[in-house]
Amino acid sequence: MSKKNNENENTETSEEMKEPTSTSTTQSNPGGSKEHGVLYLGIDLGTSRTSVSASNGVRETVASYVGYPKDVVSRKLLKRDVLFGDEALDKRLSLEFYRPLAHGVIDCSEGDKADVKGNLRAARDLIAEIIRRSQPRKDELVYAVIGVPAQASIHNKEAIIKAAKETVDSVMLCSEPFSVAYGLDMLDDVLVIDIGAGTTDLCRMHGTMPEETDQITVTYAGDFVDNELTKLVQESHPEAQFTINMIKSIKEKHSNVSNDMPPANIELPVNGKPTPFDITNEMRTACNAIVPPIVEGLGKLVASFDPEFQERLKNRVLLAGGGSQIKNLDVAIEEYMKSHLGGGKVLRIEEAMYGGANGALKIAHDMPEEYWEKLK
Amino acid sequence: MSVHDVPTPAKSLAQEDESARKKEMIRESGRSLRHIGEARLMAVIAAAVRHAVKRTFGETREEQLVKAAGIAQRGFLHLLKNNGKSVRGVPVSDFVKEVEESKRRILKQREQARKELERVTGELSSRREQMAAERDDFIEAKRADGVAFDSRLLDKLNELFDGMGDSPEITELRGMVTQIAISSVQEERGKAVEDKLADHDAEVANYQRRIEKLTNSLSRTEEEIKRLAQMKDVEGGVASIYRTVQGLCDGEDVEQKQEMMTAIFEANLELREKVVA
């Protein structure tokens with residue numbers, strides 16, 4: 001895709017946009033019930049965690065788990081109709097348990113109808129919960145931008161919009177990797193790697209909105225590492241008893257791709273007795289497993305870019321998302337890029353947890369009022 | 001008008017320039033502040049305090065600079081924390097408690113007013129029935145008394161005139177005196193009934209005034225309860241730093257960003273249309 005062509009195509013729009021119509025909040029809200037301010041929300045709807053950054057200074061994150069009491073007894077015991085995050089995970093045995101964004105998008109393509117309905121309901125409740133946690137005032141307009149995975153289907157987007165519309169005045173969706181780059185003002189010649197739990201989004205930024213051809217989504221992400229690690233630990237320590245959730249917690253604590261990584265000494269039960277294990281090699285191998293497919297994806301995005309700017313693109317790789325917290329991953333990607341793409345420079349974002357939400361918040365702030373009004 | 005555009009008293013041109021420059025700085029810094037981590041923010045505050053101390057007091061000892069920076073950082077965090085958790089300078093929990101207390105007090109007042117209204121309305125209703133019966137009895141008693149009195153009066157007048165002969169003049173005088181005496185007595189009797197009825201009407205009017213007053217008081221407490229309920233809900237959240245819708249400001253890459261905003265909007269509009277279709 002030519003950068004020049006894109007600039008020409010958008011010139012007219014740009015001229016039209018120079019002086020966006022501005023009406024006051026009160027005017028835009030003749031009911032008069034919301035005339036005391038505007039709260040912007042940037043939401044990162046992730047497989048593993050859902051985060052919000054708000055213009056009232058509130059930043060919240062919740063694990064993307066939702067649970068509903070299985071029966072009257074558990075409802076009475078839990079004293080709530082719905083539980084979220086780690087609390088839901090802890091009490092999952094008494095709950096109808098959902099991880100609504102299991103594959104990076106709302107899981108509604110597989111299973112029976114009840115599962116689909118349950119996942120949609122859980123996604124809706126999760127969105128409502130994260131908005132509630134941003135503590136909006138009832139007299140303020142609430143405008144939200146939600147970062148969604150690049151490959152989310154229309155059905156998914158529709159469900160997200162519907163859920164958000166119940167609690168906000170106007171909502172827009174945008175691609176997650178784009179919001180990360182926008183939040184850091186890196187709009188030109190940047191490659192974004194957004195490693196989530198379900199998917200890794202690779203996105204090429206070249207001064208305009210990325211198109212479908214600028215984005216690649218692969219499933220080599222956090223969950224893949226968990227599965228790899230599970231497999232490796234099972235192979236090397238077949239006597240150990242564990243679940244995928246235990247592996248996930250261990251990974252969050254010890255993940256590292258360095259050859260000099262500190263030893264990953266853990267305890268797992270064997271016949272009910274906590275037993276120490278050293279899983280340093282397994283951890284490194286599992287974490288490293290995502291590096292080649294990610295660099296391969298980057299290679300594709302670089303190769304299809306204007307040759308004049310390919311070198312610059314390779315030297316501006318932004319590493320974001322929860323998966324970017326794997327220690328030394330930036331160095332490992334750089335080394336792999338060097339051997340397979342002839343070089344590259346990777347910059348890890350400061351706040352892995354809130355990078356997407358911060359970017360979405362910035363988009364919400366910069367969005368002209370007339371656009372919000374039209375989407376109400 | 002943005003949150004920073006608060007009107008100020010008249011200033012000199014230089015002051016206005018300075019003020020505009022500061023506002024611009026705050027606006028620009030504010031845009032970036034939202035995206036930096038706490039550690040970096042603390043480092044920036046420390047650097048700013050060091051700079052300010054050195055500039056104001058000249059060369060200063062390192063430990064004093066460290067101390068001043070520490071005080072500023074702690075103060076900043078304290079203010080930030082308190083601002084986030086306070087409403088008009090009062091901690092949110094205290095504020096909510098205060099609102100709850102007011103609500104309880106007003107609910108009590110409403111309950112009292114409602115009970116009083118019910119009592120007065122009931123009293124008026126039963127008093128009305130009672131008064132109607134009293135009035136009928138009074139009128140009936142007056143009528144019965146009047147008939148007997150008129151009869152006795154006629155008897156007395158007849159006795160008086162019987163001894164005076166039956167000349168035409170006396171007969172005429174007898175007729176006139178009898179008519180005047182009876183009509184005067186009846187008039188007085190009518191006045192007594194009217195006075196009694198007026199007393200009843202005054203009592204009813206008094207009841208009605210009390211009812212009106214209680215009804216007004218009740219509606220005022222209802223309004224107050226509604227207002228408190230809204231206040232509690234409104235103050236429950238954390239206020240945004242923005243009073244109005246923002247949008248892009250002049251700055252670097254503004255046209256490029258405008259194009260991007262348009263593209264995002266158009267994609268969302270298209271999505272809505274597809275969803276509707």
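Chain A contains 15 helices and 15 strands, where helices (H or I, at least four residues) and strands (E, at least two) are DSSP runs numbered from the N terminus. The model is predicted, so local features need pLDDT of at least 70 and side-chain atom pairs count only at pLDDT 80 or more, whereas totals for chains, interfaces and linings use all residues. Residues are numbered from 1 along each chain as its sequence is written, while chains are lettered from A and ligands numbered from 1 in the order in which they are written.

Of the 376 residues of chain A, 51% count as buried; a residue is buried if 20 or more other C-beta atoms lie within 10 Å of its own, exposed if 12 or fewer, and partly exposed in between, with C-beta atoms placed from the backbone. Among contacts in chain A with a separation of 6 or more, 69% join residues 24 or more positions apart. Two residues are in contact if their C-beta atoms, placed from the backbone, lie within 7 Å.

The largest nonpolar core has 108 residues, and Leu41(A), Ala144(A), Ile146(A) and Leu318(A) touch the most other members. Such a core is a set of buried Ala, Val, Leu, Ile, Met, Phe, Trp, Tyr and Cys residues joined through C-beta atoms within 7 Å. At least three of its residues come from each of domain 1 (38-182 + 355-374) and domain 2 (222-288) of chain A, the domain bounds being taken from an automatic or database domain assignment. Not counting residues up to four places away in sequence, the partners of Leu41(A) include Val52(A), Ile131(A), Ala144(A) and Leu361(A).

Leu202(A) counts as buried because 26 C-beta neighbours lie inside 10 Å. Leu202(A) and Ile294(A) are 92 residues apart in sequence, and their C-alpha atoms are 7.9 Å apart in space. Leaving aside residues up to four places away in sequence, Leu202(A) touches several residues, among them Leu191(A), Ile216(A) and Leu301(A).

An open sheet of 3 strands in chain A runs in the order E5-E4-E6 with antiparallel pairing. Its edge strands, each pairing on one side only, are E5 (83-84) and E6 (95-98) of chain A. Strand E4 (residues 66-69) of chain A pairs with E5(A) over 2 bridges, pairing being assigned if DSSP finds at least two bridges between two strands. Within this pair, Gly67(A) stands opposite Leu83(A).

Lys79(A), in the loop between helix H3 (72-78) and E5 of chain A, has a positive phi of about 60° although it is not a glycine. Asn328(A), in the loop between strand E14 (317-320) and helix H13 (329-341) of chain A, likewise is not a glycine and has a positive phi of about 65°. Lys79(A) is exposed, with 7 other C-beta atoms within 10 Å, whereas Asn328(A) is buried, with 20.

The contact between the chains takes 45 residues from chain A and 36 residues from chain B. On the side of chain A that touches chain B, H14(A) gives the most, with 5 residues. By class, this side of chain A has 19 nonpolar, 15 polar and 11 charged residues; Ala, Val, Leu, Ile, Met, Phe, Trp, Tyr, Cys and Pro count as nonpolar, Asp, Glu, Lys and Arg as charged, and the others, Gly among them, as polar.
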